[in-house]
Amino acid sequence: MIDFRSDTVTRPTAEMRDAMASADVGDDVYGDDPTVNSLQAYAAERLGFESALFTATGTQANLLAIMGHCGRGDEYLCGQSAHNYRYEGGGAAVLGSVQPQPIENEPDGSINLDKAKAAIKADDIHFAPTRLLSLENTIGGKVLSLDYQRQARSFCDEHGLLLHLDGARVFNAAVKSDCDVTGITRHYDSVSVCLSKGLGAPVGSLLLGTKTFIDRTTHLRKMLGGGMRQAGILAAAGRIALEQGPLRLFEDHENAEYLSAGLARIPQLEINPASTQTNIVYARCRSGKAVQLRDYLADQGILITAGDPLRLVTHLDVNRQDVDRLLEAIRRFYQLL
């Protein structure tokens, strides 16, 4: 099967499997798994932070960040489309007792800072104190500009807020922005990075920040059931993903651009190829037959997610020939209608 549903579906490479099989392990809850410790130290240095924490998922990393920055009854600002608001089960509110204050995202994925300023609560006993602004980069495949992120840092400094980045695909953002990843991460108090999306690891994310912050979130990780024991087996693959994965992300971007151009030549689909910035492509079925298209493609050995719009993602396990096969199958589907 060729799988365009997400970049979370990548399978570990042979090198990752070998590294996992031979990983030197200990008990990470005691802090003595050498492979986990090595990954965390390397990640902190690579992304420009004092410390890092290996987590099971990006959802866990984002929850730890919010709970680490905010107390019970506090509030964080985020985008209406933010993953940690819409797609993480309400964890900040349910488990952290932290109130989200969503703000509608702009077309480029940013949050209007004037609207964010208006959403900051006054120092009044009626209100939840606003502690944190959370951004996402990339968001829906879109890349926040470097200038906007500098402005967000200044905004938070001016208003006494902390700044977190859901950077699940931050390396995709860095490739598109033609900068080192530290050109992005340096603006934030904390950053989460997913190892199991475009970077290709089978499991895991990282949370990065100051040593004090990571010490606090390590305690919270244990509280949330995230203390993994011989986790070096997973961290070994994560280290390879972090070292090697960013080097080939441009291929995913090129394949997504190629896919967008091909979809634009199919009259039954509506797409603006210029909107494809990284590895995520959106297109609408003019006839509204997304479910029928999904089922037809599955019979042809191709997996997509039916939606309005369709969301197609390129990744490590998708090559140019796979994209051609998808385009040809879509054309055949519409010919059969």
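You're looking at a predicted model, where local features need pLDDT of at least 70, side-chain atom pairs count only at pLDDT 80 or more, and totals for chains, interfaces and linings use all residues. Residues are numbered from 1 along each chain as its sequence is written, and side-chain values use heavy atoms, with hydrogens and water left out.

**The two domains**

- The domain assignment gives domain 1 (14-246) and domain 2 (248-336); such bounds come from an automatic or database assignment.
- Taken over C-alpha atoms, the centres of domain 1 and domain 2 are 29 Å apart.
- 16 residues of domain 1 touch 11 residues of domain 2, where contact means heavy atoms within 4.5 Å.

**The seven-strand sheet**

- An open sheet of 7 strands runs in the order E2-E8-E7-E6-E5-E3-E4, with mixed pairing. Strands (E, at least two residues) and helices (H or I, at least four) are DSSP runs numbered from the N terminus, and two strands pair if DSSP finds at least two bridges between them.
- Strand E2 (51-55) and strand E4 (99-103) are the edge strands, each pairing on one side only.
- From one strand to the next, the twist averages 20°.
- Helix H2 (residues 34-47) packs on this sheet, touching E2, E7 and strand E8 (205-209), and its direction makes about 130° with that of E2. Axes here are lines fitted to C-alpha atoms, for helices over the stretch in contact, and angles run from 0 to 180 degrees between N-to-C directions.

**The three-strand sheet**

- Another open sheet has 3 strands, in the order E9-E10-E12, with antiparallel pairing.
- Strand E9 (269-270) and strand E12 (310-313) each have a single partner strand, so one side of each has no neighbour in the sheet.
- E10 and E12 are joined by 4 bridges.

**The largest pocket**

- The largest pocket holds about 1100 Å³ of space. A pocket is an open set of points on a 1 Å grid over the protein atoms alone, where a 1.4 Å probe fits, with protein on both sides within 12 Å along at least five of seven lines; lining residues have an atom within 4 Å of a point.
- 45 residues line the largest pocket, and Ile139, Gly140, Gly141, Tyr282 and Arg311 lie nearest its centre.
- E10 gives the most to this lining, with 5 residues.

Methods. Grid points are joined across faces, edges and corners, and a volume is the space filled by probe spheres set on the points.
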